Amino acid sequence: MTTFPTDPNLTALRLELARLRSERGWTYDELARRTGLARRTLIEIEQGRTIGSLKTWHALAHALDVSVDRLFATLCEGHEPPAGPAE
């Protein structure tokens with residue numbers, strides 16, 4: 001029997017982005033300035049219209065001063081993350 005991975009919780013990821021931005025008191029314009037990303041891209045990510053690329057999330061993590069691991073950990077919200085490599 002094949003076990004498929006659980007779908008990532010993309011809603012939790014975008015909500016974490018919105019929370020971190022809001023926690024800092026930053027507008028979309030401020031986050032765009034700090035990341036070099038388009039304001040429209042940031043809005044579309046937070047509203048769930050696009051997911052963004054790995055490069056986008058890397059820029060967001062640096063601007064927000066959080067690790068990519070911390071941001072992406074939210075993808076497993078609601079289910080168990082995969083176990084580490086088999087030893």
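## Helices H1 and H4

For the angles given here, an axis is a line fitted to C-alpha atoms, for helices over the stretch in contact, and the angle between two axes runs from 0 to 180 degrees between N-to-C directions. The model is a predicted one. In it, the axes of H1 and H4 come within 11 Å and cross at roughly 30°. Because angles under 35 degrees count as roughly parallel, H1 is described as roughly parallel to H4.

The crossing of these two helices, H1 and H4, is left-handed. On the H1 side the contact is made by Leu13, Leu17, Leu20 and Arg21, and on the H4 side by Trp57, Leu60 and Leu64.

In soluble globular proteins, nonpolar side chains tend to be buried together. The largest nonpolar core of this model has 20 residues, and those that touch the most other members are Leu17, Leu31, Leu42, Trp57, Leu60, Leu64 and Leu71. Two or more residues each come from helix H1 (10-23), helix H2 (28-35), helix H3 (39-46) and helix H4 (54-64). The most is given by H4, which supplies six residues.

Leu17 illustrates how parts of the chain meet. Apart from neighbours within four places in sequence, Leu17 is in contact with Leu31, Ile45, Glu46, Trp57, Leu60 and Leu64. Among these partners, Trp57, Leu60 and Leu64 also belong to the H4 side of the contact between H1 and H4.

## Helix H3 and its buried face

Four residues of H3 are buried: Leu42, Ile43, Ile45 and Glu46. Viewed down the axis of H3, the buried residues fall within an arc of 165°, so they line one face of the helix. The buried residues of H3 pack against H1, H2 and H4.

Within H3, Ile43 has a relative accessible area of 7% and is therefore buried, the cut-off being under 20%. Ile43 lies 25 residues from Ala18 in sequence, and their C-alpha atoms are 9.5 Å apart in space. After H3 comes Gly48, which has a positive phi, near 80°.

## Helices H2 and H3

The axes of H2 and H3 come within 8 Å and cross at roughly 115°. H2 is therefore roughly perpendicular to H3, as angles of 65 to 115 degrees are counted in that class. The crossing in which H2 passes H3 is right-handed.

From H2, the residues that meet H3 are Tyr28, Asp29, Leu31 and Ala32, and their counterparts in H3 are Arg39, Leu42, Ile43 and Glu46. Leu31 and Leu42 are also among the core residues that touch the most other members.

Leu54 and Val68 are 14 residues apart in sequence, with a C-alpha to C-alpha separation of 9.5 Å.

Thr56 is likewise found in helix H4, but its relative accessible area is 10%, so it counts as buried. Leaving aside neighbours within four places in sequence, Thr56 is in contact with Leu37 and Ile45. Thr56 and Ile45 are eleven residues apart along the chain, and 10.0 Å separates their C-alpha atoms.

## Around helix H5

Asp65 is placed in the loop between H4 and H5. Although Asp65 is not a glycine, its phi is positive, at about 60°. With a relative accessibility of 71%, Asp65 counts as exposed.

Thr74 is placed in the segment after helix H5 (68-73). At 9% relative accessibility, Thr74 counts as buried. Which residues does Thr74 contact, leaving aside its neighbours within four places in sequence? They are Asn9, Ala12, Leu13 and Glu16. Of these, Leu13 is also one of the H1 residues that make the contact with H4.

Technical notes: Residues are numbered from 1 along each chain as its sequence is written. This is a predicted model: local features need pLDDT of at least 70, side-chain atom pairs count only at pLDDT 80 or more; totals for chains, interfaces and linings use all residues. Side-chain values use heavy atoms; hydrogens and water are left out. A nonpolar core is a set of buried Ala, Val, Leu, Ile, Met, Phe, Trp, Tyr and Cys residues joined through side-chain atoms within 4.5 Å. Buried means under 20% relative accessible area, exposed over 50%, partly exposed in between (1.4 Å probe, protein chains only). Contact means heavy atoms within 4.5 Å. The arc is that of the directions from the helix axis to the C-beta atoms. Angles under 35 degrees count as roughly parallel, over 145 as roughly antiparallel, 65 to 115 as roughly perpendicular and the rest as oblique. A crossing is left-handed if the near helix is turned anticlockwise from the far one by less than a right angle, and right-handed if clockwise.
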